[in-house]
Amino acid sequence: MLYWALIFLVVALVAGALGFGGIAGASAGIAQILFYIFLALLAISLIMGLLRGRR
């Protein structure tokens, strides 16, 4: 999922550099959403790993 967030970030940067503001904004928004989902899943798996290790 982090891979896709980085892909959308690169698309947003290229589109912004070429002057396509709408596409750049949409791609940056998608990249931000995917990044936050990735962080949430990372936190959940870290917590689950810590809880499983205590048993």
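What radius of gyration does the protein chain have, and what would a compact globule of 55 residues have? The protein chain has 16 Å, whereas a compact globule of 55 residues would have a radius of gyration near 10 Å. The radius is taken over C-alpha atoms, and the globule rule is 2.2 Å times the number of residues to the power 0.38. The structure is a predicted model, in which local features need pLDDT of at least 70 and side-chain atom pairs count only at pLDDT 80 or more, while totals for chains, interfaces and linings use all residues. Residues are numbered from 1 along each chain as its sequence is written, and side-chain values use heavy atoms, with hydrogens and water left out.

Along its principal axes, the C-alpha trace of the protein chain spans about 55 × 15 × 10 Å. The protein chain holds two helices and zero strands; helices (H or I, at least four residues) and strands (E, at least two) are DSSP runs, numbered from the N terminus. Helix H1 covers 2-18 and helix H2 covers 21-53. The accessible surface of the protein chain comes to about 4400 Å², as given by the Shrake-Rupley method with a 1.4 Å probe, where for residues only the protein chains shown count as cover. Carbon and sulfur atoms account for 77% of this surface. Of the 55 residues in the protein chain, 13% are buried. Buried means under 20% relative accessible area, exposed means over 50%, and partly exposed lies in between (1.4 Å probe, protein chains only).

Ala12 lies in helix H1 and Ser27 in helix H2. Ala12 is buried because its relative accessible area is 9%, and Ser27 counts as buried because its relative accessibility is 7%. Contact here means heavy atoms within 4.5 Å. With neighbours within four places in sequence left aside, Ala12 is in contact with Ala24, Ser27 and Ala28. Under the same exclusion, Ser27 is in contact with Phe8, Val11 and Ala12. Ile23, a residue of helix H2, is 11 residues from Ala12 in sequence and 6.9 Å from Ala12 in space, C-alpha to C-alpha. Ile23 counts as partly exposed, at 49% relative accessibility. The C-alpha atoms of Ala12 and Ile37, 25 residues apart along the chain, are separated by 18 Å.

A nonpolar patch on the surface is formed by Leu2, Leu6, Leu9, Leu13, Phe35, Tyr36, Leu39, Leu42 and Leu46, which together have about 820 Å² of accessible area. Patches are made of residues with over 30% relative accessible area and no salt bridge; like charges are joined within 9 Å, and nonpolar side chains (Val, Leu, Ile, Met, Phe, Trp, Tyr) within 5 Å. A salt bridge is a side-chain nitrogen of Lys or Arg within 4 Å of a carboxyl oxygen of Asp or Glu. Helices H1 and H2 each supply at least two residues of the patch, and the largest share, five residues, comes from H2. Tyr36, one of the patch residues, is found in helix H2. Leu6, another patch member, has its place in helix H1 and is partly exposed, with a relative accessible area of 47%. The C-alpha atoms of Leu6 and Phe35 are separated by 8.4 Å, although these residues are 29 residues apart along the chain.

Tyr3 is also placed in helix H1 and counts as exposed, at 56% relative accessibility. Tyr3 and Ala17 are 14 residues apart in sequence and 21 Å apart in space, C-alpha to C-alpha.

For "transmembrane region", UniProt lists residues 29-51 in an unreviewed entry. UniProt positions are given in the numbering used here, feature names are shortened, and annotations may be inferred rather than shown by experiment. In the model, the span 29-51 is 100% helix and 0% strand, and its end C-alpha atoms lie 33 Å apart.
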